[in-house]
Amino acid sequence: MTKAVRTRAGRAGPEPRIRARNKERILNAAVDLFADKGFHGTRMEEIAQASGLPKANVYYYFPTKESIYTALIERLIEGWDRAFEHIVSEREPRDAIAAYIRAKLEYSRRHAADSRLFANEILRGAQLLERRQRQHIRDVTTQRAHVLEEWIRRGQMAPVDPRHFFIMLWSATEFYADFGATAADVLEKRRLTRRDFDAAAETITRVILDGCCGPPLSGR
């Protein structure tokens, strides 16, 4: 009896890991298809084939194509939220903004398809972006905008419009994922490398910080 209990317990242990791994396989397969073909141009059969799982398994984890798409949007928003965690009033603006820029570029480098999926969704009118997701983006941006306003009140940052500031950073950092082929052409590369993203981070950081936060403390 004890042995049977242990066997059942042993079998139950890895199930959450298997579930998480299979869901990740499905999402990673779907994001490339959605990014390249759009939501309406992608079929569940293609997602199953690309994931290497039977179609029945895909439906087990995600009952509809919409549920997969929503999960991918949620995954991207969570990644962007983590980058935003660098923008806190307790930090020096230069350090916080530099860390945010690098985090956004690193996300673009590691999750280019996710970024392209979102960009394509916006270009198509954000028809499949849920109201709660749009509200979340607005709320989080407002929270971080208040941090910039606090820095401005303290005289630590030039008086810029916080929301336009973030829009400018998003366009700069996400370009390398959404239009990676163009960036590679301009840089005369076959494809972008990590070194290119590091150079982008250094350039964007220098331009932004010298413009809104003044010279580094060591240079004053």
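Is C213 buried or exposed, and what is its relative accessible area? C213 is buried, with a relative accessible area of 6%, where buried means under 20% relative accessible area, exposed over 50% and partly exposed in between, computed with a 1.4 Å probe on protein chains only. The views below come from a predicted model, in which local features need pLDDT of at least 70 and side-chain atom pairs count only at pLDDT 80 or more, while totals for chains, interfaces and linings use all residues. Residues are numbered from 1 along each chain as its sequence is written, and side-chain values use heavy atoms, with hydrogens and water left out.

**View 1. The protein chain as a whole, with eleven helices and zero strands.** Helices (H or I, at least four residues) and strands (E, at least two) are taken as DSSP runs and numbered from the N terminus. Read along the sequence, the pattern is α-α-α-α-α-α-α-α-α-α-α, and the C-alpha trace spans about 75 × 50 × 35 Å along its principal axes. Of the 220 residues in the protein chain, 40% are buried. Contact here means heavy atoms within 4.5 Å; among contacts between residues at least 6 apart in sequence, 68% join residues at least 24 apart.

View 2. C212 is in no disulfide, the nearest cysteine sulfur being that of C213 at 3.4 Å.

**View 3. The largest pocket, with a volume of about 600 Å³.** On a 1 Å grid over the protein atoms alone, a cavity is a set of points where a 1.4 Å probe fits but cannot get out, whereas a pocket is an open set with protein on both sides within 12 Å along at least five of seven lines, and lining residues have an atom within 4 Å of a point. Grid points are joined across faces, edges and corners, and the volume is the space filled by probe spheres set on the points. The lining consists of 26 residues, of which W80, F118, I137, W170 and E174 lie nearest the centre of the pocket. Helices α5 (65-84), α6 (93-110), α7 (112-123), α8 (131-154) and α9 (162-178) each supply at least two residues of this lining. By class, the lining divides into 14 nonpolar, five polar and seven charged residues, counting Ala, Val, Leu, Ile, Met, Phe, Trp, Tyr, Cys and Pro as nonpolar, Asp, Glu, Lys and Arg as charged, and the others, Gly among them, as polar.

**View 4. Helix α2 (residues 15-37) and its packing partners.** The expected span of a helix is 1.5 Å times one less than its number of residues; for the 23 residues of α2 this gives 33 Å, which agrees with the 33 Å between its end C-alpha atoms. Its buried residues are N22, I26, L27, A29, A30, V31, L33, F34 and A35, and they pack against α3 (44-51), α4 (55-61), α5 and α7. R17, also in helix α2, is exposed, with a relative accessible area of 55%. After α2 comes G38, whose phi is positive, near 80°.

**View 5. S115 in helix α7.** The residue S115 is buried, with a relative accessible area of 2%. Leaving aside residues up to four places away in sequence, S115 touches L76, E174, A177 and D178.

**View 6. Three loop residues, A126, E188 and A158.** A126, in the loop between α7 and α8, has a positive phi of about 55° although it is not a glycine, and A126 is buried, with a relative accessible area of 9%. E188, in the loop between α10 (180-186) and α11 (194-212), is a residue other than glycine with a positive phi near 55°, and E188 is exposed, with a relative accessible area of 74%. A158, in the loop between α8 and α9, is partly exposed at 24% relative accessible area. Not counting residues up to four places away in sequence, A158 touches I152, G211 and C212.

Notes:
Disulfide = S-S within 2.5 Å.
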